[in-house]
Amino acid sequence: MPYGIYKTDAHDPVSLLELNTLVSEAISNALPGTYWVRAETSDVRVNTSSGHCYLEFIDRDESSGQIAAKSRGTVWARTFQALKPYFEQETGQAFKSGLKVLVNVSVKFHELYGYSLHVHDIDPSYTLGDLAKKRKDIIRRLQEEGIFGLNKELPFPLLPQRIAVITSPTAAGYEDFTNQLLSGKEAFPFYVKLFPAIMQGEKTEQSVIDALDRLFPYADLFDVVVIIRGGGSASELSSFDSYPLAANCAQFPLPVITGIGHERDDTIVDMVAHTRMKTPTAVASFLIECMSREAGCLQELESRIHAEVTERIIREKAVLQMLVTRFPVMVTGHIERHRNRLHAMTAHLSTLPQWIRHRAENLDAISPRIRRAVHTALSKYETSVKGIRLHLRSACESVISSHRRKMELDEQYIKMASPEYILKRGYTLTVKDGKIVKRAADLSAGDEISVKFADGEKKGKII
């Protein structure tokens, strides 16, 4: 029926219900059937009692990113029960806000609830294409910023014993990890510290980043970081494909090991981590293997040392046995040589008195010459000593005068630099916990301080 037939004037008004009914009929007539629509999901929520899914579809301006169009959307419970698992299985993503989707909808206008789009079908391939593009964009951004491979470049510790674990304390994967790590046959000494985080849902990304921030000040106390979670659907892994979380993991100062518990393609966090394992149990086995490998090397080294020491003992024992055999012969030869030397010395001593008398006669002859030489040398020495004494006295007086002046200057400087002198000039000293405060940044609200003046001390609190 032509719309103009419903036009009225002030003498023939219609009710709001009648007007909305006309709008509903007009939309049904103008837009029959269904339409495939590209849009972004927003404000997705599911009514727990009815099972219906209510959301908003939005369209953004490509240049500004601002919302250019918006419409309410409804997925009735029966349709939602079929579409949700199908979509999540195909895309590996939860049906949530912020997804680019291609949906088949019919246009409806309800007299009470107004305009909305009713969803009948969804094409996962469209969302997959958008998700793949986002992943590529994130990976390219990490590579362009030079941080994609940073964590992989960190040296891996030979003995990864001190382990920081980021996961949910109630996750089955955490229990599997600790049981595998601490109850193995080798019983290696591991130290495990949990940094709790939410590992499922929309809060996962920020929760894991917060856990890394809490760990960062204590990074030097640990060897590796382990990020693990239990099993779950592929749709719950989208949080590990985010740029902020991947950037934090890539730049963390400790090697990051992931065991997110899935068999599908790696998440971006897996890609930037130092080592990627499939499950929490696999991470524990990897750490045990690292310890076992080094234990094997130590055992091999121990065996080599034992063999070399044994061989050395055998060689030294043979040398000792040889010496025991040859010792009597060596001693006999040594005694014989010294006996011959003694005989020679005895023969020489028999001529010693005659040699001594000859030397005494020579000394008597040269004694007068020695006395004259000594007297001449003493005269020259006394003259030199007098000159040296005068020179030393002059030099000492100069040095003493110089040092006395320096001491006076140092004393004056120490007095001027002393706290008492500074306080007398009108300055004050602020002390917190027994230490002088040098910067305002060292004080916080609530800190108790003591301010020293030349004539006393006052206490206070920072507001």
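## A tour from Phe-286

Start by selecting Phe-286: this residue is buried, with a relative accessible area of 18% (buried means under 20%, exposed over 50% and partly exposed in between, using a 1.4 Å probe and protein chains only). Keep in mind that you're looking at a predicted model, where local features need pLDDT of at least 70 and side-chain atom pairs need 80 or more, while totals for chains, interfaces and linings use all residues. Residue numbers start from 1 along each chain as its sequence is written, and side-chain values use heavy atoms, leaving out hydrogens and water.

**Stop one: the sheet.** Helices (H or I, at least four residues) and strands (E, at least two) are DSSP runs, numbered from the N terminus. Two strands pair if DSSP finds at least two bridges between them. Now colour the open sheet of five strands, ordered E7-E6-E8-E9-E10 with parallel pairing. Its edges are E7 (191–196) and E10 (275–277), each pairing on one side only. On average, neighbouring strands here are turned by 20 degrees against each other, direction ignored (axes are lines fitted to C-alpha atoms, for helices over the stretch in contact, with angles from 0 to 180 degrees between N-to-C directions). Zoom in on E9 (residues 256–259), which runs parallel to E10 and is joined to E10 by three bridges. Click Ile-257 and you'll find its bridge partner in E10, Thr-275.

**Stop two: the helix on the sheet.** Select H4 (residues 172–182), which packs on the sheet and touches E6 (162–167), E7 and E8 (224–228); contact means heavy atoms within 4.5 Å. The direction of H4 makes about 165 degrees with that of E6. Which residues of H4 are buried? They are Gly-173, Tyr-174, Phe-177, Thr-178 and Leu-181. Look down the axis of H4: its buried residues fall within an arc of 130 degrees (taken from the directions from the axis to the C-beta atoms), so they line one face of the helix.

**Stop three: the rings.** Rings of Phe, Tyr and Trp (its six-membered ring) pair if their centres lie within 6.5 Å; planes under 30 degrees apart are stacked, over 60 edge-to-face, and the rest tilted. That rule gives six aromatic pairs. Show Phe-80 and Phe-95: with centres 6.1 Å apart and planes at 65 degrees, the pair is edge-to-face. Phe-80 is buried at 8% relative accessible area, and Phe-95 also counts as buried, at 15%.

**Last stop.** Arg-141 lies over the face of Tyr-243, 3.6 Å from the ring centre (the rule asks for NZ of Lys or CZ of Arg within 6 Å of the centre and within 35 degrees of the ring normal).
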